[in-house]
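Please consult the sequence and the model shown below while reading.

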Amino acid sequence: PIREGYMKDDNRCDIVFSKLINGRRKILPVEVKGQWHPELYSAFDSQLNRLYAIHPDAEGQGIYLVLWFGSDEKVANRKKHGINSAEELYLNIQKQIPEELKHLMDIFVLNLAI
């Protein structure tokens, strides 16, 4: 993996995995956000999809990794959010992803509250 990998138009993705498969380079961009980030519910599209997964070697695919620190922390910059677990956050983010992206973008919420 490459941390802060350079993408098209000098954009920098948080993590990029790269592998040669049958002599052809493939990449998998990973965008990482903490649960408190104000663009939590939009960065999978505005960053991962529109800036990183458009790389020809990514073939439109990517991973959206969200870091969960617990219900006492802000979610999307809101102190009152009603989300009590990493699983609930995953489901809320999943609802925001357009159907056409669901087979290309994987969401993982890493529970760091335990």
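A salt bridge is defined here as a side-chain nitrogen of Lys or Arg within 4 Å of a carboxyl oxygen of Asp or Glu. The model is predicted, so local features need pLDDT of at least 70 and side-chain atom pairs count only at pLDDT 80 or more, whereas totals for chains, interfaces and linings use all residues. Residues are numbered from 1 along each chain as its sequence is written, and side-chain values use heavy atoms, with hydrogens and water left out.

| Pair | N to O distance |
|---|---|
| Asp-57 and Arg-25 | 3.5 Å |
| Lys-26 and Glu-59 | 2.5 Å |
| Arg-50 and Asp-45 | 3.0 Å |

Helices (H or I, at least four residues) and strands (E, at least two) are DSSP runs, numbered from the N terminus. Buried means under 20% relative accessible area, exposed over 50% and partly exposed in between (1.4 Å probe, protein chains only). Asp-57 is buried at 18%, while Arg-25 is partly exposed at 39%.

The pair of Lys-26 in strand β3 and Glu-59 in the loop between α1 and β4 likewise links distant parts of the chain, 33 residues apart. Lys-26 is partly exposed at 23%, and Glu-59 is partly exposed at 39%. Both residues also belong to a network of salt bridges with Arg-24.

In the remaining tabulated pair, Arg-50 is exposed at 53%, whereas Asp-45 is buried at 18%.
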